[in-house]
Amino acid sequence: MAKDDKIILACEVCLSRNYTTNKSHKGNGKRLELMKYCPKCGKKTLHKETK
């Protein structure tokens, strides 16, 4: 059974850390990027995986 890593997604506009999710080790090595709603900005913005 593969182990997943817990990651944090941060808004690219205001840099607030809004979401957490899991990412498997088998990924392509790139950072996860998702369009998510940011409550601080009040709109949908790009959220990227943080270090």
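Strands here are DSSP runs of type E with at least two residues, numbered from the N terminus. By that numbering, Cys14 falls in the loop between β1 and β2. The model is a predicted one.

## Overall build

The protein has 0 helices and 4 strands. Along the sequence the order is β-β-β-β. The C-alpha atoms fill a box of roughly 40 × 15 × 15 Å along the principal axes. Of the 51 residues, 20% count as buried. Among contacts with a separation of 6 or more, 33% join residues 24 or more positions apart.

The exposed surface comes to about 4,100 Å². Carbon and sulfur atoms supply 50% of that area. The charge count is 13 positive and 5 negative side chains. The centres of these two sets lie 4 Å apart.

## The loop between β1 and β2

Strand β1 covers residues 4-11 and strand β2 covers residues 17-24. Cys14 and Leu15 both belong to the loop between them.

Cys14 has a relative accessibility of 24%, so Cys14 counts as partly exposed. Setting aside residues up to four places away in sequence, Cys14 touches Cys38, Lys40 and Cys41.

Leu15 has a phi near 65°. That is a positive value in a residue other than glycine. Is Leu15 buried or exposed? Leu15 is exposed, because its relative accessible area is 63% and the cut-off for exposed is over 50%.

## Strands β3 and β4

Strand β3 spans residues 33-38 and includes Met35. Beyond its neighbours within four places in sequence, Met35 is in contact with Lys44, Thr45 and Leu46. Strand β4 spans residues 43-49 and includes Thr45.

Which residues does Thr45 touch, not counting those up to four places away in sequence? They are Cys11, Val13, Leu34, Met35, Lys36 and Cys38. Thr45 has a relative accessible area of 5%. Thr45 is therefore buried, since buried means under 20%.

Lys36 also takes part in a charge-over-ring arrangement. Its charged end sits over the ring of Tyr19, 4.5 Å from the ring centre. As for aromatic pairs, the structure holds 0.

Pro39 sits in the loop between β3 and β4. Pro39 is exposed, because its relative accessible area is 56% and exposed means over 50%.

## C-alpha separations

| Residue pair | Positions apart along the chain | C-alpha separation |
|---|---|---|
| Met35 and Val13 | 22 residues | 12 Å |
| Pro39 and Ile7 | 32 residues | 19 Å |

## Putting it together

Thr45 in strand β4 is buried and touches Met35 and Lys36, among others. Lys36 in turn places its charged end over the ring of Tyr19. Cys38 is listed among the contacts of Thr45 and among those of Cys14. Leu15 is exposed, whereas Cys14 is partly exposed.

Note on methods: Residues are numbered from 1 along each chain as its sequence is written. This is a predicted model: local features need pLDDT of at least 70, side-chain atom pairs count only at pLDDT 80 or more; totals for chains, interfaces and linings use all residues. Side-chain values use heavy atoms; hydrogens and water are left out. Buried means under 20% relative accessible area, exposed over 50%, partly exposed in between (1.4 Å probe, protein chains only). Contact means heavy atoms within 4.5 Å. Accessible areas come from the Shrake-Rupley method with a 1.4 Å probe; for residues, only the protein chains shown count as cover. Lys and Arg count as positive and Asp and Glu as negative; His and the chain ends are not counted. The place of a charge is taken as NZ of Lys, CZ of Arg, CG of Asp or CD of Glu. Rings of Phe, Tyr and Trp (its six-membered ring) pair if their centres lie within 6.5 Å; planes under 30 degrees apart count as stacked, over 60 as edge-to-face and the rest as tilted. A charge sits over a ring if NZ of Lys or CZ of Arg is within 6 Å of the ring centre and within 35 degrees of the ring normal.
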